[in-house]
Amino acid sequence: MKPREIRPKVYCVGAIDWDRRLFDALIPLPDGTSYNSYLINGSEKAALIDTVDPTMPDVLINNLNQLVIDNIDYVVANHAEQDHSGAIPQVLGKYPKAKVVCTPKCKGMLIDLLMIPEEKFITVNDKETISLGDKTLEFIHAPWVHWPETMLTYLKEDKILFPCDFFGSHLATTDLYVTDEGQVYEAAKRYYAEIMMPFRTNIQKNLEKIKGYTIDIIAPSHGPMYDKPKLILKAYHSWVFDEPKNIVVLPYISMHGSTHKMVECFVEALVQRSVIVKQFDLTVTDIGKLAMALVDAATVVIGTPTILVGPHPNVAYAAILANALRPNLKFISIIGSYGWGGKAVEQLAAMIPNLSVEILEPVLSKGFPKEADFKALDNLAATIAEKHKQSGFA
Ligand code: FEO
């Protein structure tokens, strides 16, 4: 796709990756992604904001060739992760006078990751500016959106915020700006859940930090741009500041039907008490959908059979993932079955040290669940409904 002008002398020059289906060898990308890069051709100097994934440098270089830019003075690296920094070496090869502009921490990371020579860098402090002549870049340090070195770049005259990962969405689209708000909201929430949720408190601070800026366009480095920034600002505000909702997320596995029967009965007991349930069979679940459900949930109940004295490995994987994503959960419990004993509960509890949750009495059935087990599940559902009510989770 050719470069597209989004404001006078400001161009979108990145790459769309329609076919990528996995990120970080972990995160499913059902709708592909994009690596957005922006060229700002000021009256005196030119700056490139972020580059592209190391698999697609030719797309970026081809776009820059089409713009017939004689020189790039600054390559702004908002973030060191390779999907944005990976083509910096190629850009420096084509424009040898260019300097990489980044935070001091980012400089160290880019030297480590890409072996960029030290003399190629200019580091910038928080709120420092660089003039391109008729356009001015302001750099806003914003740690932990997504790594500790991240910053945002604000183009003052055009009121464009370039936040790299922050506010992004893994969405391959030819739309320059958001057209289908529902689709982008969903993709951005998935992105938040998978990438940003562990840093919720840092994001709260960074949202406060950009409050004073007038922003006409948010131009992230994944997904379409926001020409109505309110959509994504409001969504992020809700995801990081709101209390959890009256929702139970129930990831489970069943090998011979016992745990499944318990899940069925438990879900019914919760629904009867007006608790919303999001149930995920971990043998087929897209973990992105599970992560999204965790954004709003007050409670997780894990359903697992006992296998080799512990939880099913897929359940252990989901627990480790939830622990890493640090959702704003308040309660957790475990239900499931066993044949002759085991330590599924103790092992799962040890896998979630990052979650500050109250652990509610687990319900474990020896073999197929019986009357007493169904009663215990009903009690657990009643406890959860009451706890949600007492906490004011609507
Ligand atoms: Fe899109 Fe943290 O990289």
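How many helices and strands are there in the protein chain? The chain holds 12 helices and 23 strands. Please keep in mind as you look around that this is a predicted model.

**The chain as a whole**

Let's start with the overall picture. The C-alpha trace spans about 80 × 40 × 35 Å along its principal axes. Of the 394 residues in the protein chain, 57% are buried. The accessible surface comes to about 16,400 Å², and carbon and sulfur atoms account for 53% of that surface. Contacts also tell us something about the chain: among those between residues at least 6 apart in sequence, 72% join residues at least 24 apart.

**A covered strand and its partners**

Now find strand E14, residues 151-155. Is this strand mostly covered or mostly open? Strand E14 is mostly covered, with 5 of its 5 residues buried. In a regular strand, side chains alternate between the two faces of the sheet. Here Met151, Thr153 and Leu155 lie on one side of E14, Leu152 and Tyr154 lie on the other, and all are buried.

E14 pairs with strand E13 (residues 136-141), to which it runs antiparallel with 5 bridges. Leucine 137 has leucine 155 of E14 as its bridge partner. E14 also pairs with strand E15 (residues 160-162), again in the antiparallel sense, over 3 bridges. E14 and E15 form a hairpin with 4 residues between them, and lysine 159 in the turn has a positive phi of about 55°.

**Spaces inside**

The model has 4 cavities of 30 Å³ or more. Here are two of them.

| Cavity | Volume | Lining by class |
|---|---|---|
| Largest | about 100 Å³ | 13 nonpolar, no polar and no charged residues |

The largest cavity is lined by 13 residues, and Pro251, Val300, Ala318, Ala319 and Ala322 lie nearest its centre. The elements giving two or more residues to this lining are helix H9 (287-296), strand E19 (297-307) and helix H10 (313-325). H10 provides the largest share, 4 residues.

Which helices each supply at least two residues to the lining of the second largest cavity? They are helix H7 (230-241) and H9. The residues lining the second largest cavity include Ser238, Trp239, Asp242, Glu243, Lys245 and Asn328.

Methods:
Residues numbered from 1 in each chain as written. Predicted model: local features only at pLDDT ≥ 70, side-chain atom pairs only at ≥ 80, totals over all residues. Heavy atoms only, no water. 1 Å grid on protein atoms, 1.4 Å probe; cavity = no way out; pocket = protein on both sides within 12 Å on 5 of 7 lines; lining within 4 Å. Points joined across faces, edges and corners; volume = space filled by probe spheres on them. Nonpolar A, V, L, I, M, F, W, Y, C, P; charged D, E, K, R; others polar. Buried < 20%, exposed > 50% of the residue type's maximum accessible area, 1.4 Å probe, protein only. Contact = heavy atoms within 4.5 Å. Areas by Shrake-Rupley, 256 points an atom, 1.4 Å probe, with all protein chains shown as cover. Pairing = 2+ DSSP bridges.
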